[in-house]
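Hi everyone, thanks for making time for this.

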Amino acid sequence: MYTQGLDQKGQSDAKGDGLEAAADLAAFQKRVDAEEKIEAKDWMPEAYRRTLIRQISQHAHSEIIGMQPEGNWLTRAPSLKRKAILLAKIQDEAGHGLYLYSAAETLGVSRDEMVGDLLSGKAKYSSIFNYPTVTWADIGAIGWLVDGAAIMNQIPLCRCSYGPYSRAMVRICKEESFHQRQGYDILVELCKGTAEQKAMAQDALNRWWWPSLMMFGPSDKDSKHSAQSMAWKIKRFSNDELRQKFIDVTVPQAEFLGLKVPDDECVLDKKTGHYGHGEIDWQEFIEVIKGNGPCNKQRLAKRRKAHDDGAWVREAAGAYAEKRAAKAA
């Protein structure tokens with residue numbers, strides 16, 4: 001769902017590059033340029049494999065951690081219908097995480113290792129999930145803005161050069177489209193309601209707008225590794241290109257709601273057909289990625305507790321699998 005991990009170079013990315021034959025590297029790039037899918041058992045550069053592991057695992061972590069801000073509202077949804085819809089959405093996010101962990105496992109990394117890296121704080125997840133959901137309007141804003149930004153990132157991933165990842169993204173994108181629509185529907189209802197409800201919707205937009213723009217990662221001039229990922233066709237568009245697409249689509253939607261994005265520089269340039277935007281607070285982005293956001297500690301603590309509380313389920317499943325294997329033998 002999220003490509004911020006592309007800008008965090010792993011220490012082992014370069015390992016093996018000096019030992020990889022130039023002919024193999026050239027043949028691999030030729031396959032990528034020809035739009036062939038790279039499959040799990042195919043030869044690939046070690047840096048390519050490591051980049052994919054980092055991105056896919058970060059994507060999976062984001063889906064799992066991303067269940068928390070919305071789960072916070074399951075017991076307080078304003079109607080049974082809204083509760084059922086939100087529950088279905090949260091279940092979808094869990095499924096997305098499982099698809100993605102499975103895709104990453106095809107690259108030779110174990111799920112235990114990936115989960116361990118998340119729980120230890122070594123692995124990152126999207127910065128957006130470290131902000132609080134203080135009103136019901138925030139659930140609408142997450143669906144509309146956060147899932148909307150995710151879709152901008154994810155649709156190109158359906159054409160990712162790595163086959164298992166690209167195929168997982170097809171179903172994920174279909175479900176994310178539903179998530180975006182349900183979020184927007186919440187805000188439509190609020191904006192048709194009382195003045196207080198519309199003000200709540202505007203407040204949610206004010207708080208989620210800038211973190212949503214940060215989801216696309218640093219500006220192209222500060223993104224050190226996007227060029228290589230684009231050459232490998234893991235990534236199809238630059239951070240700034242995707243951010244601009246998101247702004248151009250979302251601002252008219254806000255205007256339809258009667259809301260205003262919290263950026264006076266977000267004005268349509270009739271010559272280019274694009275909306276401008278003000279300077280993003282990248283220091284805030286860096287601090288959240290480092291673990292100093294409003295909810296970083298809370299979100300990881302809940303994830304660790306859930307993992308520990310579920311240990312008996314994993315142990316029971318393992319014991320059952322061993323019993324069946326022994327019986328079959």
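Let's start with glutamine 298, which sits in helix H12, residues 296-309. A word on naming: helices are DSSP runs of H or I with at least four residues, strands are runs of E with at least two, and both are numbered from the N terminus. Glutamine 298 is partly exposed, because its relative accessible area is 39%. Here buried means under 20% relative accessible area, exposed means over 50%, and partly exposed is in between, using a 1.4 Å probe and protein chains only. If you look for threonine 272, you will find it 26 residues from glutamine 298 in sequence and 43 Å away in space, C-alpha to C-alpha.

Before we go on, please remember that this is a predicted model, where local features need pLDDT of at least 70, side-chain atom pairs count only at pLDDT 80 or more, and totals for chains, interfaces and linings use all residues. Residues are numbered from 1 along each chain as its sequence is written, and side-chain values use heavy atoms, with hydrogens and water left out.

Now come with me to helix H1. Residues 22-33 make up this helix of 12 residues, and from first C-alpha to last it reaches 16 Å, close to the 16 Å expected at 1.5 Å a residue. That expected span is 1.5 Å times one less than the number of residues in the helix. You will find glutamate 35 in the loop between H1 and H2, and with a relative accessible area of 44% it is partly exposed.

Lysine 233 also has a positive phi, near 60°, and is a residue other than glycine. Its place is the loop between helix H9 (226-231) and H10. Is lysine 233 buried or exposed? At 18% relative accessibility, lysine 233 counts as buried.

Next, helix H2, which covers residues 46-65 and contains histidine 61. Histidine 61 has a relative accessibility of 1%, so it counts as buried. Which residues does histidine 61 touch? Leaving out residues up to four places away in sequence, they are Tyr101, Met114, Val115, Leu118, Ala123, Lys124 and Tyr125. By contact I mean heavy atoms within 4.5 Å. Arginine 50 and valine 109 are 59 residues apart in sequence, with 9.7 Å between their C-alpha atoms.

Leucine 107 is in the loop between helix H4 (80-105) and helix H5 (111-120). Its relative accessible area is 6%, so leucine 107 is buried. Not counting residues up to four places away in sequence, leucine 107 touches Met44, Arg49, Leu52, Ile53, Ile56 and Tyr162. Lysine 41 is 66 residues from leucine 107 in sequence, yet 8.6 Å away in space, C-alpha to C-alpha.

Let's turn to how some helices pack. The axes of helix H7 (residues 163-191) and helix H8 (residues 195-214) come within 7 Å and cross at roughly 140°. That makes H7 oblique to H8. Angles under 35 degrees count as roughly parallel, over 145 as roughly antiparallel, 65 to 115 as roughly perpendicular, and the rest as oblique. The axes are lines fitted to C-alpha atoms, for helices over the stretch in contact, and the angles run from 0 to 180 degrees between N-to-C directions. From H7, Leu187, Leu190 and Cys191 meet Gln197, Lys198, Met200 and Ala201 of H8.

H8 also packs against helix H10 (residues 239-257), at an angle of about 175° and with the axes 12 Å apart. That makes H8 roughly antiparallel to H10. Among the residues making this contact are Trp209 of H8 and Phe246 of H10.

Finally, the cysteines. Cysteine 191 is buried, with a relative accessible area of 14%. Cysteine 295 is buried too, at 4%.
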